[in-house]
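Visitor: Please show me the model. I have some questions about it.

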Amino acid sequence: MSDAILTLSGVSADIDQYHILHGVDLEVPAGELTVLLGRNGAGKSTTLRTIMGLTTVTAGEVRFRGEPITGQPTPRIARQGIAFVPESMGIFSMLTVRENMVLAAVSGRMDEQRLNWIFDLFPPIKKFWDRPAGNLSGGQKQMLAIARAVIEPRELLLVDEPTKGLAPAIINDLADAFEQLKSQNVSILLVEQNFNFSRRLGQSVAVMSDGKIVHRGSMADLADNEEQQHELLGLGLGEHQ
Amino acid sequence: MSALEKTLDNKSARRERPWKALGKGPRARFAAFREEKPHLFLLALMMLVPLFMINPTTWAVLTISGLAMGAMVFLMASGMTLTFGLMNVLNLAHGAFISLGAFAGATVLTVWLNGYSGDSSLLVNLVAILPALGFALAVAGLVGLLFERLVIKPVYGDHLKQILVTVGGSIILLELIQVIWGPNEIPVPRPDALRGAFIVSDAIPLIGGIALEKYRLIAVLLGLAVYGLMTWVIDRTRVGVLIRAGVEDREMVEVHGYRIRLLFLGVFVAGSALAGLGGAMWAMYREIITAHMGDELMISVIVVIILGGLGSIKGCFYGAILVGLINLYVGFLEPRLAAVATVGLMVGVLMWRPQGLIPVIKV
């Protein structure tokens, strides 16, 4: 396993009066795609939000490239090279697709070569370049959300349930896009419920339950072990699509 | 575009634009114009209806005066619509910044550069007018900076507390104005070059021979210039993209690495500065100022930002023009109803379009 780019040690977090994370220990290896699995309400999305500083850490530590980022404001965390695609996608629907991309290019300008690569990866981005992003379909919005995250080189992508509510053909396109990102050695922490999608892409896997990591290992091992899948995820592979 | 996309596009267009069902005739075109350009429809209606009740010459004078008043109200209201639209902050001390700008501008005109404003040359007058407007902008902006840090910052996200602390802050600012400038009304003689009127050439039909007050024309031009500048900043610049994005989803703006609080601060300072500029213009328009003049104007300001659509610069501009026009037209026809007409306009617009003429944020 390569060195960890992101480490969570005993991280606890609350939302209002609710204790959501109870000492999460997680490592995201550099240059790999790690999948975070778990049932609804396990704390997966809160883990991503906590890494981004959107939820306050009450105990434990988050380290990025070995440096602590716990308690830092969200913009500072983002500028260190972490991009976050939330479950809601966070598209600015009143802005055009172009303006969404301009905003995501924090340095102030979009690299033409990188933009062309994104156009190849997600053709609808080019097609609807000057259209309001609010007019895009769900799949196109997801593509835009991911395109925004990679418009500039980032060291770590946090992506929350990108396949939620999407048609199988679009999920396939997204999987191809993630394959390309993987080939560029981008570290990715992907929260998913779709096990087939996760199995295709994931190199390492962590499973959450009740605000804790209850399993860590390689995705290949988990994919081969239906009994473990049933134990950790509550469903057999055939049912967990 | 694929056949499926075309079908989906058409379906969504019919859902969002029910008047498309009327076909392509004049009735459909009128319905489309009314629904897609409500600000222009209402403006046209507002300007045409009085023509049947007022003779054209008087109508032209009233229209120019209404536009001038609207332009000044826009200057004062634009800051508040930005503050409310982007920051979701109800700043009821906005009126105090209008007063502050008026007093700051008046100080330059009547005390520091008094000699220049009394001269009959426009160029010499400008030596007093431009610093007066600049000083009003700067003082209101600077006090806005302190106000945001001290009063607004602790109450972001809590409207009830915002109302309480900004009303309290407003009282303190008004008291400070009275401490510095005294409790009495202060006369602000308009610079000589801005007095008087242009006479429209007799060659122009309908309005030939009428007198158009110079100051009102200048107010219209300044209002248009500020509107153009703000529209350019909001629509064409990166800061504008950030502001529009911030109106929609603050958290995602931060996720992209931008410090939204810094953006908030900038917008608040700009909003306060614009209130100060509007106050200084109003001071020269009315030629007499009191500490409470801002509070008196707040009703118009609030009506404008509500009927224009919260957070919308364009809506604010058209809302201000509509308020200016209805004030003048109704004030001429039945003076006792002028104030009622403003509020009546807002009620009518909200019954027609509950989110205002050109909404930017969802309410």
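The questions below go from confidence to contact, then to single elements.

Guide: This is a predicted model; local features need pLDDT of at least 70, side-chain atom pairs count only at pLDDT 80 or more, and totals for chains, interfaces and linings use all residues. Residues are numbered from 1 along each chain as its sequence is written, while chains are lettered from A and ligands numbered from 1 in the order in which they are written.

Visitor: What pLDDT does chain B average?

Guide: pLDDT is the predictor's confidence in each residue, from 0 to 100. In chain B, 93% of the residues score at least 70. Residues 1–5 of chain B stay under 50. The chain B average is 87.

Visitor: Which helix supplies the largest share of the side of chain B that touches chain A?

Guide: Two residues are in contact if their C-beta atoms, placed from the backbone, lie within 7 Å. The contact takes 15 residues from chain B and 18 residues from chain A. Helices here are DSSP runs (H or I, at least four residues), and strands are E runs of at least two, numbered from the N terminus. Six residues, the largest share of the chain B side, come from α10(B).

Visitor: Is B:E287 buried, exposed or partly exposed, and why?

Guide: B:E287 lies in the loop between α12 (260–286) and β4 (288–289) of chain B. A residue is buried with 20 or more other C-beta atoms within 10 Å of its own, exposed with 12 or fewer, and partly exposed in between; C-beta atoms are placed from the backbone. B:E287 has 14 such neighbours, so it counts as partly exposed.

Visitor: Where does α13(B) bend?

Guide: The bend at a residue is the angle between axes fitted to the seven residues ending there and the seven starting there. In α13(B) the angle is about 30°, at B:I299.

Visitor: How many residues of α13(B) are buried?

Guide: What covers its buried residues includes α4 (56–87), α5 (94–112) and α12 of chain B. α13(B) is largely enclosed by the rest of the structure, because the buried residues number 12 of the 16.
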